[in-house]
Amino acid sequence: MTSAPLAARLSVPSGPLFFPVTAYGPDGALDLDTYRAHVRRGVEAGAAAVFACCGTGEFHALTPEEFQDCVRAAVEETAGRVPVVAGAGYGTALAVRFARLAEEAGADGLLAMPPYLVVAGQEGLLRHYRELAAATSLDIVVYQRDNAVFTPETVVELARTEGIIGFKDGVGDLDLMQRIVSAVRSEVPGDFLYFNGLPTAELTGLAYRGIGITLYSSAVFCFAPEIALAFHAALNAGDDETANRLLDGFYRPFVDLRAQGRGYAVSLVKAGVRLRGLDVGEVRPPLHEPTEDHVKQLAQLIERGYALLEPLEGPDGTLEGPDGAHEGPEVVLEGSDGAHEGPGGEGRPGEGE
C-alpha cells in the first residue's frame with residue numbers, strides 16, 4: 001500500500017493506468033509467477049497505477065481466494081512505487097467481501113463494478129455503493145457501465161459519500177458525462193476524479209479531453225506499452241498530430257478488429273500479451289479465444305503501431321515524447337520463430353477494462 005492518498009496519486013498520472021490480464025497455466029489454474037512478471041514489466045515500463053483483477057483481468061472468472069492472491073501479488077510487485085486498485089463487484093454482500101479481501105492484501109483502492117445482473121433504480125444503486133464505502137477504509141472509484149448508469153443527481157450524492165473519490169465511465173454518453181461533471185462541480189466542493197473507461201479508451205481520448213476528462217484505462221499498455229506511452233504523452237501535451245497518427249494507424253484498426261468477436265476486449269488483449277512473448281494463457285469460459293486469423297491480424301497491427309513511433313525516435317534510437325523526453329526503448333517485433341515480441345520476449349462497451 002502506498003502512503004499518499006489515492007486521489008492525489010491518480011489525479012496527475014505519470015503514465016497510463018495499467019489493467020493487467022490475469023495469467024493462467026496450461027491446466028487453467030492461476031499462474032502467479034507469470035502474473036507477477038506481467039505486473040512488474042508494466043510498472044517498469046511506466047504505468048502510473050495497477051488496476052488488478054478488473055474487467056481486463058477477468059474479475060468475473062476468479063474465486064475470492066484467487067482474487068486475493070492476485071491482488072497481494074500485484075501489491076508486492078509494485079512495492080509501493082505506484083498504487084494498486086482492485087476490482088470489486090456482484091451484490092452488496094459479495095462486493096463487501098471482495099473489498100475486505102483487497103484491503104487485507106494491501107490494495108490502495110477499489111474499482112467498484114456494477115451489481116450482478118439486476119437493473120436497479122437510482123436509490124438502490126446509491127445504497128449499494130454507500131454500503132460498500134462504509135464497509136472498507138479503501139478509497140473507491142465507481143464504474144458506470146451496463147446495468148449501473150447514473151443520473152447527475154446520483155453522482156452528486158456519490159461524490160458526497162466519504163470514501164468515494166471518483167467515477168469511471170464505460171457508457172460513452174458524452175452529453176450525460178458533461179452534465180455529471182457540471183453537476184458535481186457545482187454541488188460538491190473539492191476535486192472528484194473522472195475516468196474514461198470505454199474499451200480501448202484512447203480512441204475517445206480526444207473527445208473526453210474536451211469535457212475535461214484525461215484519465216483513462218489502457219488495455220493496449222498490456223501488450224504495447226511504448227505505443228500507449230506515446231499516445232498518453234501526446235494527449236497530455238495537446239499534440240493532436242501525434243495522437244491522430246496513432247488513432248488512424250493503430251487504435252481505430254485495433255477497435256475494428258476488437259469488434260469482430262464478443263469478449264475480444266479481453267481475449268484479444270491476452271493474445272497481444274502472448275504475441276509479445278509472455279505466456280499468460282487463454283481466457284476462462286464463458287469468454288473464448290480469438291480466431292487464428294484475427295491473431296495474425298493483431299500481430300500485423302502491433303508491428304504497424306510500432307512503425308508509427310519511428311518519427312518519435314531520438315538520435316540514440318529511443319522513443320521521444322512531444323516534449324523531447326524519452327518514452328521507451330526501441331522495439332524489435334519479429335522474433336526468430338516469426339512471433340512478434342519485444343526485447344527479450346517481453347512483453348464492445350461493457351467488456352474489458
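Me: Ala, Val, Leu, Ile, Met, Phe, Trp, Tyr, Cys and Pro count as nonpolar, Asp, Glu, Lys and Arg as charged, and the others, Gly among them, as polar. By class, what does the lining of the second largest pocket have?

Reply: Nine nonpolar, four polar and two charged residues. This is a predicted model, with local features needing pLDDT of at least 70 and side-chain atom pairs pLDDT 80 or more, while totals for chains, interfaces and linings use all residues. Residues are numbered from 1 along each chain as its sequence is written, and side-chain values use heavy atoms, without hydrogens and water.

Me: Which residues lie nearest the centre of that second largest pocket?

Reply: V181, D191, F192, L193 and Y194, out of 15 lining residues. A pocket is an open set of 1 Å grid points with protein on both sides within 12 Å along at least five of seven lines, and a lining residue has an atom within 4 Å of a point.

Me: Which elements supply at least two residues of its lining?

Reply: α7 (174–187) and β7 (193–196) do. The largest share, three residues, comes from α7. Helices (H or I, at least four residues) and strands (E, at least two) are DSSP runs numbered from the N terminus.

Me: How much space lies in that pocket?

Reply: About 330 Å³, counted as the space filled by probe spheres set on the points, which are joined across faces, edges and corners.

Me: And what is the volume of the second largest cavity?

Reply: About 40 Å³. In a cavity a 1.4 Å probe fits but cannot get out.

Me: What lines the second largest cavity?

Reply: P13, G15, P16 and L17, together with T214, L215, Y216 and H232. Five of these lining residues are nonpolar, three are polar and none is charged.

Me: Stepping back, how many helices and strands are there in the protein?

Reply: Twelve helices and ten strands.

Me: Change of topic. How many salt bridges does the count come to?

Reply: 17, each a side-chain nitrogen of Lys or Arg within 4 Å of a carboxyl oxygen of Asp or Glu. E77 and R36 form one of them, with the closest N and O atoms 3.0 Å apart. That pair links distant parts of the chain, since E77 is in helix α3 (residues 64–78) and R36 in helix α2 (residues 32–45), 41 residues apart.

Me: Is E77 buried or exposed?

Reply: Buried, because its relative accessible area is 15%. R36, at 22%, is partly exposed.

Me: What about E65 and R97?

Reply: Their side chains also meet in a salt bridge, at 3.9 Å from N to O. E65 lies in helix α3 and R97 in helix α4 (residues 92–105), so this pair ties together parts 32 residues apart in sequence. E65 is partly exposed at 49%, and R97 is partly exposed at 41%.

Me: At what N to O distance do E289 and R274 meet?

Reply: 2.6 Å, in a salt bridge between the side chains. E289 lies in the loop between α11 (264–275) and α12 (292–307), and R274 in helix α11, so parts 15 residues apart in sequence are tied together. R274 is partly exposed, with a relative accessible area of 25%.

Me: Which residues do salt bridges with shared partners join into one network?

Reply: R36, R40, E76 and E77.

Notes: Buried < 20%, exposed > 50% of the residue type's maximum accessible area, 1.4 Å probe, protein only.
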